[in-house]
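The sequence and structure follow.

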Amino acid sequence: MKFLKTSALALGLTLLLAGCAQGAGSPAPGSEQQPVRQAEALTTSETWAKAAESGMSAAFGILHNTSATPIALHQISNAQGDEIQIHEMRGTGKTMAQLEGDLVIEPGKDAVLAPGGNHLMFMDLQQPLVAAQTARLTLEFADGSSTEVDFPIRNFDGAKESYDEHAGH
């Protein structure tokens, strides 16, 4: 009986060690770590959009990258079909123009969208942005992922920006 217990223990230990050695160099099937989609790495706070009856308006807030790799905001859209551009401030004055390329947010950093600074620009509103309502924007990233973000609409007099002539405004 003692021989049977010892043999069973030895067999179990051999199987255990063989199983550990087999998985030592590679992950278990189905446990491969997938890269984080850029949209999943984004958190937002303090979002809002400027109320406007027609023409242009803007959206603001803080976009935070929670991942260990840069994320690149490629374009913005909404259900109304508005043209929405990423704008940056240029020069020492208050001149804004469309950002050339993507808005890149470094790992663990914020992109601050604020009046008088970088922002999301509605170019020709298809419908009014009414105070106390919400604008839902779809943020699309360079890797093809996207997420919807709500921007509560409120009244704001503006930062008195001017528009760059060659930007097509």
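## Nonpolar cores

In this predicted model, the largest nonpolar core consists of 29 residues. Leu63, Leu73, Leu120, Leu137 and Leu139 have the most contacts inside it. Strand 9, residues 134-141, supplies the largest share of this core, with four residues. Another core, of seven residues, lies apart from it and has Trp48, Ala58, Met89 and Met123 among its members.

Leu120 has contacts beyond its neighbours within four places in sequence: Ser57, Ala58, Ala59, Leu73, Ile76, Ile84, Gln85, Ile86, Leu113, Leu137, Leu139 and Phe151. Leu73, Leu137 and Leu139 from this list are also named for the most contacts inside the largest core.

## Ala135 in strand 9

Ala135 belongs to strand 9. Its relative accessibility is 8%, under the 20% cut-off, so Ala135 counts as buried. When neighbours within four places in sequence are set aside, Ala135 is in contact with Leu129, Val149, Asp150, Phe151 and Ile153. Ala79 is 56 residues away from Ala135 along the chain, and the C-alpha atoms of the two are separated by 9.4 Å.

Ser145 sits in the loop between strand 9 and strand 10, the latter spanning 146-154. Ser145 is buried because its relative accessible area, 8%, is under 20%.

A polar atom of the Ser145 side chain lies 3.0 Å from the backbone nitrogen of Ala39. Not counting residues up to four places away in sequence, Ser145 touches Ala39 along with Arg37, Gln38, Leu139 and Glu140.

Terms used: Residues numbered from 1 in each chain as written. Predicted model: local features only at pLDDT ≥ 70, side-chain atom pairs only at ≥ 80, totals over all residues. Heavy atoms only, no water. Core = buried A, V, L, I, M, F, W, Y, C linked by side-chain atoms within 4.5 Å. Buried < 20%, exposed > 50% of the residue type's maximum accessible area, 1.4 Å probe, protein only. Helix = DSSP H or I, 4+ residues; strand = E, 2+ residues; numbered from the N terminus. Contact = heavy atoms within 4.5 Å. Polar contact = N/O pair within 3.5 Å; in protein donor to acceptor, adjacent residues only side chain to side chain.
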